[in-house]
Amino acid sequence: SAAEAGLYTASDQIVLLSQRNVRSALVNSSAAMVVEFYASWCGHCVAFSPYYKKLARDIKEWKPAVNVAAIDCAEEGNNKVCSYDYEVRGYPTIKFFPAYSEADSTGRPYRDLRNLRHRIIDSLEAHKEPWPPACPPLEPISQAELDVFFETNNVQHLALIFEDVNSYVGREVTLDLLQFDNIAVRRVLKSDHSLVTKLGVTEFPSCYLHQPGGNFTRLRVNFEARAFYSYALQRLPGVVRSGNPPMVLTQIHTNSTEEPWRPFNRSRVYMADLESALHYSLRVEVAAFDVLEKDTLKALNKYVSVLAKYFPGRPMVMNLLKSLNSWLKNQTDNQISYEAFKQVLDNTAQVPHTALPEGVRWVGCQGSQPHFRRYPCGVWTLFHVLTVQANATGGSDHLEVLNAMRNYIRHFFGCRDCAEHFENMAREDLASVDSLQSAMTWLWFRHNRVNNRIAGALSEDPLFPKIQWPSPEMCPSCHTVSESGEHKWKKEQVLSFLLSYFSSSSILTDYLE
Ligand code: FAD
C-alpha cells in the first residue's frame, strides 16, 4: 500500500497517516498526537527514522495519552495536505497536536528534535483543558494530597518517585504505568522537605511504595532508573494490565485447558516443547501443501537440513531427522508430494530406530488458556536453540539457521501477520549478521522487538506478560544504565546468558516418557 512505501511500516508502533485518514486521526482525538511530517526522499528523514521508531517503541505504553504518528509528504495527494493544511515547510517536521484538536489546528512544531521524549512530557504538562482523559496527573504530589490519597483513589499501590526537579523519571514511570490497574505513580520533588524528611529519603531518584494503612517501603531495583522502576512496578502483586482479570495459577489447574497443568520452571528450556514444535511444523504446517516444489521445497530442505545438523535431540529423533534429510537430498524430481515425505517421517520400522513422537505436549510453552503460547512459543524456542547449537558446533555459514528460519516462517508459519512482520525485520538488517554469535544476538534482539510490539495485545497470556527478555531477575548482569539513565543491554553478558540458557546441556528432558 502507499503508506508502506514510506519510511515506516505497520509494525513500528507508529500510526501511518495519509491524506485519507489524517483528519480523522488528528481532529478530536482523545489522545494527544505527535506527528512526523517527512518525505521519503529526504536524507535527513531517512537518517532520523531509526530514532523516531525507537521513540515510538519506547513510549508505546503512553499511547492512550499520547500517540505517535507519521505521514509521508512525498506521497502524491499527501503533499498538499502537508503544506497547505498543516503548513509544513521543511522535512522532517514534528508537531504536537493536543487532545481534542479542532479541524483547523496546525499543531505546534518542535524546534529541537533532541530528547523528544522529554519534550513530549513538557507538551503534556503544558496541555490545556480538556486534558487527555487517559493521561494521569504529572505534577508532584503534595502532602495534603498524599494524606487522603487512598480515600480518593481506588488503587492498592501508590509509588512515589523522589527526584530532582529536572528529572523526568517520575513522569516517565507515571506514563509507563498508565495502562495498568491497581497502581498510581506520582513524583515528589527533592525540594519538598517535609515529605523527604518524613520518609528519610537520601537518594534521588529513589522509589517508595505506599500502601493503604500508611506503610512506606523502598522499591528494590538493580538501578535507580526508569526502566527498572517500570518493570518492577508492572509486576507488583495485584497490578494487572487494564482489562485483564487478576489471575492466579489455581484457576488454571481446574478447568481452563484440556490438558492438566504441569508445573514447570519458567527459566528453563524443555525438550518436550522442542519436539512438540517439530511435530506440529512437520506434520501440520508442512502438511498444508499437498505438493512441495520450488520455494516451498527449498524452504523445507533448508529447515530439515539445519534440524539434522543442529537439533540437540534424543538419538531416535536425531536418526529420524538425518534420514529425512538424506531422503530429501536424494530427491531428483523438482517436486515431491507431502504423502511421500510423510511416509519417511512416520516410518518407525527403520534401523536404527527412528521416531518423532506424535502429538504435542507443551511444558515450558503451556498457556493459561488453550489459545495462548504453545506452538509460536515452541517455534521461537526451537530457533534460539538452533542458533546457539550452530555456534557451539562451529557451523560454517553464519546465516544458515536464520535463513532457514526466515524461509520456514515465510512459507509455512500459519500466522501470516507474524510472517509478514518477521520478513520485514529480516529484510531490514538480517544481512548485517556477520558471525555465528551475531546470529544469536540478532534473533534475541528481534524477538524482543516483537515482544515490545505485542505487549498488552489480546494474544498475550496474562500469566506470561511480554517482557524485554531476559528480565533483571533472570540475568541481573545483562542490564545496566547509560550516563543519562537510559536502560542499556550489556551485550557480552546477554551473549553468555543465551549460550548457557539455550545450550543442549541445560535442556530439561523430564516430562518425556
Ligand atoms: P514467546 O514470545 O513465544 O517466547 C517463547 C519463550 O522464549 C519465552 O517464554 C521466553 O522464555 C523466551 N524468550 C522471550 N523473549 C526472548 C528473546 N528476546 N530472546 C530469547 N528468548 C526469548 N504474535 C503477534 O501477535 N504478532 C506478531 O507479529 C508475531 N510475530 C511472530 C513472529 C514469529 C517468527 C513467531 C515465532 C511468533 C510471532 N508471534 C507474533 C507470536 C508471539 O511472538 C509469541 O510467540 C506468542 O504470543 C506466545 O508468546 P509467549 O509468551 O509464549 O512467548
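**View 1. Glu87 in the loop between α3 and β4.** Glu87 sits in the loop that runs between α3 and β4; helices (H or I, at least four residues) and strands (E, at least two) are DSSP runs, numbered from the N terminus. The structure is a predicted model, in which local features need pLDDT of at least 70, side-chain atom pairs count only at pLDDT 80 or more, and totals for chains, interfaces and linings use all residues. Residues are numbered from 1 along each chain as its sequence is written, and side-chain values use heavy atoms, with hydrogens and water left out. Glu87 has a phi near 55°, a positive value in a residue other than glycine. With a relative accessibility of 46%, Glu87 is partly exposed; buried means under 20% relative accessible area, exposed over 50%, and partly exposed in between (1.4 Å probe, protein chains only).

**View 2. The cis peptide bond between Tyr91 and Pro92**. Omega of this bond is about -10°. Pro92 belongs to the loop between α3 (78-85) and β4 (93-97).

**View 3. The cis peptide bond from Glu129 to Pro130**. Here omega is near -5°. Pro130 is placed in the loop between α4 (116-125) and α5 (143-147).

**View 4. Asn182 in the loop between β7 and β8**. The strands on either side of this loop are β7 (180-181) and β8 (183-189). Phi of Asn182 is positive, near 70°, in a residue other than glycine. Asn182 is partly exposed, at 25% relative accessible area.

**View 5. The shell of residues around the ligand**. The ligand is surrounded by 24 residues, each with a heavy atom within 4 Å of it. The closest are Arg373, His421, Trp444, His447 and Lys466. At least two shell residues come from each of α15 (375-392), α17 (416-429) and α18 (436-454). The largest share, seven residues, is supplied by α18. The shell consists of 15 nonpolar residues (Ala, Val, Leu, Ile, Met, Phe, Trp, Tyr, Cys and Pro), six polar and three charged ones. Asp, Glu, Lys and Arg count as charged, and the others, Gly among them, as polar.
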